[in-house]
Amino acid sequence: MDLHFLDAVPDDTEREAVDSVLGPPESGWDGGLRQASDLRFAEGGHAARGRRDLLLPALHAVNDRVGWISPAALDYICRRLTVPPAEAYGVASFYAMFALKERPRRVVHVCTDIACAARGSDSLCAAMTERVGPPGTGDGDLVWHESPCLGMCERAPAALSLEAGDPPRYAVAAPARPGDLVTGAGSPPGTGAPHPAAESAPAAPAEAAPASPNGSGPHPGTGSPNGHRPRRTTTFSPDTLPGPAPEPPPAAAVPQAGDPGLVLLRRIGVVDPESLDDYRANGGYAALRAALAMGPSAVIREVTDSGLVGRGGAAFPTGRKWEGTARRPETPRYVVCNADESEPGTFKDRVLMEGDPFAVIEALTIAGYANGAAQGYLYIRGEYPRALSRLENAIAKARGRNLLGRDILGSGFDFDIEIRRGAGAYICGEETAIFNSIEGLRGEPRSKPPFPVERGLFGRPTAINNVETLANVLPIMLMGGPAYAAIGTGRSTGPKLFCVSGAVPRPGVFEVPFGATLRELLELAGLGADAPAPRAVLLGGAAGGFVRGDELDIPLTFEGAREAGATLGSGVVLVLDDSVDLGAILVRIAAFFRDESCGQCVPCRVGTVRQEEALLRLSRGTGTRRTDLALLREVGQAMRDASICGLGQTAWNAVESAIDRLGVFGPDDHPTLKEAR
Amino acid sequence: MSTPVTLSPPRRLVDVTVDGREVRVPEGATILEACEALGTEVPTLCYGDTLTPRNACRVCVVEVEGARTLVPACSRKVEESMAVKTDSERVRHSRKMVLELLGSSVDLSTTPNVPEWMDRYEARPERFGPRAEPAPLGERDARHAGEHEPGDGAVAATVEQPAKVDNDLYVRDYGKCIMCYKCVDACGEQWQNTFAIGIAGRGFDARVSTEHDLALPDSACVYCGNCIEVCPTGALSFRTEYEMRAEGTWDEDRQTRTTTVCTYCGVGCNVTLHVQDNEIVKVTSPHDNPVTHGNLCIKGRFGFQHVQHRRQD
């Protein structure tokens, strides 16, 4: 491959940022100084391209340090990894959090998604426009953008500030006031409120040291097969940006915290999420010991017997997925934890990762053991800096105690985990898009078949599970599959997390056994029995659907929801009262899908645009209602039938339910496809 | 001397049904191939006979019994006893919508077969309202992922923008681009290994682009023109063709095609000369040729002016 590079020269900061991820260059062939000896050999080809998966970490390194990715920096990354610049540009421009044009170091993301829109993000945006300028512009110190769901719906409206630097800093404001977002820009590091994490474990260098310098891990001294090792234990500075009030602890999002009856949320607010000792004192790593004692096939049998199905939205049986992967003859096999929780209204995985990070690591280790994988990847969305820090800390500490690495607990099982950070793309939560994103390609979904169990990450058999799904594996190991299956209902077994937000007194993550009704859940969230029925509840997120306030007796099980023509999806329960403009919410949902479509297939790429346009006309009363409703139905049907992946296939669900169940745009006479033509 | 024939191991045959008619095709064949074996016509846009299917356009979708969604015929492999419907109500509806969505957002005026398909599936792209003004040159290339101007729904957004004319050999008219990915694949690892272009941005703002939207002469482009060869819509075209179309002198009915051997080197590539009024107007290469598979280099593709260089005295 004879690649063509620019002649732009990166500055020292950019070079250092890239080298901190990739290590120093070895020769003139990979971006180092050209020496006479370089003329006597040629380097490139498969070995060099084999590090393509470090493209995303390298882009992050520059964006984190400088605030944007200059042509020279991109060019240097391409030389280091033997990636064609046009392809790397395509990858960098795919993600919303990367900038390819110079911008201020501080970027404020103001969430305008459904839950925040219902809680007044409009006025926040108006205030930002007044003080700083329209979105995308800055006053030199900071720039702000409207953002899709930041996953802090329980304390909407939310905003996230990120400041480039070494290390980068962040701050979360939720509920946010305009003043929180503009103060303190450009202030030196260390002047802000201490990060809550910093109090309990200030960097902990001793425990966080590499597991063993001489390669007692599966990949000597590294976290990754290709030599990737972050410089620091945590990416972000433990000192948060000054301005907003300190972020409340994760338990603040769990109104039931401390309830002894909890299974998945049992440790949240009880253990120190930074302390491995505390985790072990509260039952941590007992599940891994149990799994190692019973052997991989018995682990899979227990998971199969438990009836556990995926909690990410698709509800596929986890045991079958693991069995399919473990049975494949090809090696290596991989396990991937999907922590790219980006569904508007969903924040349960964030709470699990922030409040009980070791549990996620332990469960992924068990998944690796059961599937015969030596390497696991945890793909976390870029909008979750605190969850990222907690997981990075947990992995470093687990390595330090031989709970990751070679010969875990003397069992002969080798396993390590690498965290990969997304950069602002909802589509990367699609299971095959995650693989492309990790591999350093654009986060476009792949056609299925082949399914991940056959050909997943790096073309190898891969078991990919959502965070909440993995969290269920721990109690299954401890209580056994059949006992777990006794919780819940016949086909929907176990406990289930729901993210309740919107017009309820006590929003947050709730754990209930499958089978509770929507009304019971809302009562837990403080909606009294004598409270007026809400106008509508969005169930399952933007890819789910609305139900009316008089349909609260829907049982929260997969089959119950399906019978009622709804879906549990990712566990979103967003309550909307009469104060909300439903038309505007639908336009926001349409705008979300338009922004987040990867653009690969026509039904989704253009269909989401046409859907938004028709909803704009309907909500503003321009255009012809009957025609626009017919257009929506026709476009929606084609998106559902002919899109490549779930994003396009579900982009019409919520809008359709709002038209059919809520009658948002008045009664509709359901023209059939023939009539509409 | 005859062309060497590669022998592949014998393949099992599988029985499938297409619109109720049974057909036996080799294992590993696609639904499209099964349809072709029966003479059932399936429209395709992004499918390329020399490239791995990307199944991005979705105009070839068919209904497979038991499948939740429609499947792309061009890339889905047949399975034993698969029952396929190529003309059901669902299939016709999706094809119609894909044509309408494309027709309303892209300039399809130079895409072959589209008028006939629009007619067959009763597609009316104008239903989505008047077309938005074309974007100024370079504006679409500067869009940031995950953001867009909301608008008011009065006009239908399009990808139209002025053509990029930055070299003497060929023109990129991305207002005609349906994002089939074929040029990217042909430029990249499937044929040319030059990697001058990639897909940038995402969603409706996704576009074929060089790095940082550089002009072609500053990019890695080697002007092989293999991207023009595979472009299904005329978004990529010879400078000659582009200018003749602008003048209104392009007339395919008056053109002859002559396939001959390229004289520049000894490889023996076949070139097809398209001649109008005794002038070579463009050069293609037969896709079924075992030497080129439709690919050429800059000389074979563009080095034809000397042939028609006549003394002006």
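**Entry 1: a hairpin in chain A**

I started at the hairpin of β11(A) and β12(A), where five residues lie between the strands and A:Gly540 takes a positive phi near 90°. I count two strands as paired if DSSP finds at least two bridges between them.

This is a predicted model, in which local features need pLDDT of at least 70, side-chain atom pairs count only at pLDDT 80 or more, and totals for chains, interfaces and linings use all residues. Residues are numbered from 1 along each chain as its sequence is written, chains are lettered from A and ligands numbered from 1 in the order in which they are written, and side-chain values use heavy atoms, with hydrogens and water left out.

β11(A) covers residues 536–539 and β12(A) covers residues 545–548; four bridges pair them in the antiparallel sense. β11(A) also pairs with β13(A), residues 572–576, again antiparallel and over four bridges. Which residues stand opposite A:Val537? I found A:Val547 in β12(A) and A:Val575 in β13(A).

I then checked the faces of β11(A). A:Ala536 and A:Leu538 on one side and A:Val537 and A:Leu539 on the other are all buried. Buried means under 20% relative accessible area; exposed is over 50%, and partly exposed is in between (1.4 Å probe, protein chains only).

**Entry 2**

Is β3(A), residues 159–163, enclosed or open? Five of its five residues are buried, so the strand is largely enclosed by the rest of the structure. In a regular strand the side chains alternate between the two faces of the sheet. From β3(A), A:Ala159, A:Ser161 and A:Glu163 point one way, while A:Leu160 and A:Leu162 point the other way.

On one pairing, five bridges join β3(A) to β1(A), residues 106–111, and the two run antiparallel. On another, five bridges join β3(A) to β4(A), residues 169–173, also antiparallel. I noted that A:Leu162 stands opposite A:Val107 and opposite A:Tyr170 in β4(A). A:Glu163 has A:Arg169 as its bridge partner in β4(A).

β3(A) and β4(A) form a hairpin with five residues between them. β4(A) is mostly covered, with five of its five residues buried. A:Arg169, A:Ala171 and A:Ala173 point one way from β4(A), and A:Tyr170 and A:Val172 point the other way.

I compared helix spans with the expected value, which is 1.5 Å times one less than the number of residues. α24(A), residues 602–620, has 19 residues and should span 27 Å; its end C-alpha atoms are 27 Å apart, which agrees. Of those 19 residues, 17 are buried. A:Gly621 follows α24(A) and has a positive phi near 75°.

α25(A), residues 625–642, has 18 residues and reaches 26 Å from first C-alpha to last, close to the 26 Å expected. It is mostly covered, with 13 of its 18 residues buried.

**Entry 2: rings and charges**

I found 19 aromatic pairs over all chains. One of them is A:Phe413 with A:Phe415, stacked at 5.7 Å centre to centre and 20° between the planes. Rings of Phe, Tyr and Trp (its six-membered ring) pair if their centres lie within 6.5 Å; planes under 30 degrees apart count as stacked, over 60 as edge-to-face and the rest as tilted. Both A:Phe413 and A:Phe415 are buried. In chain B, ring pairs link B:Tyr170, B:Tyr223, B:Phe238, B:Phe302 and B:Phe304 into a cluster.

The charged end of A:Arg381 sits over the ring of A:Tyr384, 5.1 Å from its centre. For this, NZ of Lys or CZ of Arg must be within 6 Å of the ring centre and within 35 degrees of the ring normal. B:Arg140 lies over the face of B:Phe204, at 5.6 Å from the ring centre. These two residues are 64 apart in sequence and 9.9 Å apart in space, C-alpha to C-alpha. I placed B:Arg140 in the loop between α3 (114–120) and β6 (170–172) of chain B; B:Arg140 is buried, with a relative accessible area of 2%.

**Entry 3: confidence**

Last, I looked up the scores. Chain B averages a pLDDT of 95, and 98% of its residues score at least 70; pLDDT is the predictor's confidence in each residue, from 0 to 100. For the complex, the predictor gives an ipTM of 0.95 and a pTM of 0.93.
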